[in-house]
Number of protein chains: 2
Amino acid sequence: MRVEHLLNYCRVYPCLAGMLLLSACATPRGTGDLGIIIERASGSVQVIETSQRTRLARISGLGDLSHASAVYSRDARFAYVFGRDGGLTKIDLLRGRVAKRIVQAGNSIGGAISQDGRLIAVSNYEPGGVKVFAADTLALLADIPAGSGDDQRRSKVVGLVDAPGNRFVYSLYDAGEIWIVDMRNPRAPRVQKFADVGRQPYDGTVTPDGHYYIAGLFGEDGLALLDLWQPSLGVRRVLDGYGRGRQPLPVFKMPHMDYWALSNDTAFVPAVGRHEVLMIDQKNWKEAGRIDVVGQAVFVIARPDGRQVWVNFAPPENDKVQVIDTLSHKVIQTLKPGKAVLHMEFTPRGEQVWISVRDENRVDVYDTATFERLASLPADKPSGIFFTARAHRIGQ
Amino acid sequence: MRVEHLLNYCRVYPCLAGMLLLSACATPRGTGDLGIIIERASGSVQVIETSQRTRLARISGLGDLSHASAVYSRDARFAYVFGRDGGLTKIDLLRGRVAKRIVQAGNSIGGAISQDGRLIAVSNYEPGGVKVFAADTLALLADIPAGSGDDQRRSKVVGLVDAPGNRFVYSLYDAGEIWIVDMRNPRAPRVQKFADVGRQPYDGTVTPDGHYYIAGLFGEDGLALLDLWQPSLGVRRVLDGYGRGRQPLPVFKMPHMDYWALSNDTAFVPAVGRHEVLMIDQKNWKEAGRIDVVGQAVFVIARPDGRQVWVNFAPPENDKVQVIDTLSHKVIQTLKPGKAVLHMEFTPRGEQVWISVRDENRVDVYDTATFERLASLPADKPSGIFFTARAHRIGQ
């Protein structure tokens, strides 16, 4: 409220003026324990806090949020939500409202924020490519079409992550390429392309330290691996046995590759089509064993200390969550939160995990030491859950 | 301001009321990019932000801040500063003032915050032991004397860290023991003691995943190692060559053990008395090599992505900082920030490092990719620098 207005208010309604201001004064609060829950059906998000485990706000008008994901500003005040319909929405967690929203493409799938927090990159299906926006204003800074070689067809872009050095790394589904984009000069991106990485990379991720980029392949077996510390070594194929195999089993849902569950040197990844979690020795990138689980794993996520790995599943086992002990490599707990467990998010130090149970319209909070359910919050068809501690992580 | 007061104000000074409220309305801001700088000589701290690299507030009256350290509340709004004089001060970063201050012992050295964010533990020299306080009120919850066996002498406590499972781990300098305290019931701590870990453990740390606790020994060579995933295996001695050796070299300053600089599987630690940084293979806890540096290393800290390790030094080389490339194991940069470089803190995604240069009354900010100095902030004899992203880390 501007001061002149205040003065007028004072003359007319002396106390009303004060009241208005009083109500406008939000108590200051930290943003380290905040997060958002995607409500996919209603195109809305909830703002929550993990200390008392309550809902702070509900914000609607975000469009199609199926498969939506989010990243956070470096001050952990704003969330950037990537919708399926090409919508990019900047949410003010403290004011509980949309700060800015644009529709930047026809069909998109996730994004990332640069190491310095100044750039938001979105990976698009239609038209294929990556667009880069200023984090503060959402002004377009760069449009990087994903046409491969002379092919003018814009490839679908998947597995977009950030990497140290203000770089973005992503995969071209149709072209079978991995690109590294150096954004030190946001208006003049420098692109490094790696061709023939394998057929139809469908998702990608980066190790928590930003050292390796790994793409999953839909069109053939194996994983495409790029050492971001030494990109000159090129992309190599690892884990040739990994994938759907020669006689593909029915795959109800391709597993997500957007987590890299690491404990000591062992990575835990969902096997494709099989009721197994694969262990990969990250020293030599060879299979280090398999762990039987109850269904086809979708998300395989390590508790922040690496002592546990939590797994959810494709139908018909999507009402369950299993917990693997990374020391014994055994399933130590099977939880049954309810119909359609879609996502899990750990508090940054790992004492709680929040689980979205879509068809029960609930988000449940579990104690990861006792497996006791600590709280349950109503939510409208909840899917992704994202906490502000992501603001401080590489590869988000 | 309470509403009745507001009403009175309105009657007497209609506009003043509004003005007061207006001025009381701070613009909301996120706390993810905040931090504090300890000004040891003046017993004050600065509150800073790393996005624009500016000072937001200066808070005094914190007592003796030599060797002071800090941890953060889980919402990243409050800093808990541990002073040398036994002072424990809770700082409100958003209001820029002291929220609460107690003097809980005669002489203390650091502390930690529990995984759930509810407990603050302080390690004391005089009288020796650990006190645990409620994070919200600083009310005393538990007083754990560090008397060993029948010995009623309270040992100095060092190397206090938090570990998953709401545990605290620390070392008893005089008694040569390591204790694990389970604080699931804050008023009834469960203590597990490990005796004969080595003479005079002088500092300790935990690996970033909270898996291993490592204590440095002042009274003999080697490191004491405790696997917190399997404490029943007990404490073992590793790196027997590590320490001052049989013919001790002059040690100008015992190196800090409160960081565990890890890159892939290699830990980088300061050699004692020698102009070297030691590499330790964390798979077998054996020495994996040595890197020559310009002086006796004090802090050896990994950039968050592990690609660089930054080192500062004891006098007379304490005007320099060297950067080791963890791929080539070579020193790739020598910076000369100025007299008495005391501490370094990385922004959580590693693009900046803040360096306190005590005798120049400056804190310098460097770009870790270009080594260019981005900013310089005046500070009164700055020492420790602590950013709020620590709120989300294990072992703080």
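# Chains A and B, by question

Reader: Which residue of chain A meets the side chain of R349(B) in a salt bridge?
Author: A salt bridge here is a side-chain nitrogen of Lys or Arg within 4 Å of a carboxyl oxygen of Asp or Glu. R349(B) has such a bridge, at 2.8 Å from N to O, and its partner is D162(A).

Reader: What pLDDT do local features need in this model?
Author: Residues are numbered from 1 along each chain as its sequence is written, while chains are lettered from A and ligands numbered from 1 in the order in which they are written. The model is predicted, with totals for chains, interfaces and linings taken over all residues; side-chain values use heavy atoms, without hydrogens and water, side-chain atom pairs count only at pLDDT 80 or more, and local features need pLDDT of at least 70.

Reader: Which three residues supply 18% of the area that chain B buries against chain A?
Author: The two chains bury about 5,200 Å² between them, 57% of it on carbon and sulfur atoms. Buried area is the accessible area (1.4 Å probe) that two parts lose on being put together, summed over both. More of chain B's share comes from these three than from any other three residues: R74(B), W229(B) and R349(B).

Reader: Which element gives the most residues to the side of chain B that touches chain A?
Author: Between the chains there are 25 residue pairs in polar contact, both residues at pLDDT 80 or more. A polar contact is a pair of N or O atoms within 3.5 Å; within protein, one must be able to donate a hydrogen and the other to accept it, and residues adjacent in sequence count only if both atoms are side-chain atoms. The elements giving two or more residues to this side of chain B are α1 (3–12) and α2 (14–24) of chain B. With six residues, the one that gives the most is α2(B).

Reader: How many strands does chain A have?
Author: Helices (H or I, at least four residues) and strands (E, at least two) are DSSP runs, numbered from the N terminus. Chain A has two helices, and its strands number 32.

Reader: Is D325(A) buried or exposed?
Author: D325(A) is found in strand β26 (residues 321–325) of chain A. Contact means heavy atoms within 4.5 Å, and D325(A) touches R307(A), K330(A) and I332(A), residues up to four places away in sequence not being counted. A polar atom of the D325(A) side chain lies 2.6 Å from the backbone nitrogen of L327(A). Buried means under 20% relative accessible area, exposed over 50%, and partly exposed in between (1.4 Å probe, protein chains only); at 11%, D325(A) is buried.

Reader: What is omega for the cis peptide bond between E126(B) and P127(B)?
Author: Most peptide bonds are trans. P127(B) lies in the loop between β9 (119–126) and β10 (128–134) of chain B. The bond joining E126(B) to P127(B) is cis, with omega about -5°.

Reader: What is the relative accessible area of D196(B)?
Author: D196(B) has a positive phi, near 50°, though not a glycine. Its place is the loop between β15 (190–194) and β16 (201–206) of chain B. D196(B) is exposed, with a relative accessible area of 73%.

Reader: What is the phi of H329(B)?
Author: H329(B) lies in the loop between β26 and β27 (330–335) of chain B. H329(B) is partly exposed, with a relative accessible area of 33%. Although H329(B) is not a glycine, its phi is positive, at about 60°.
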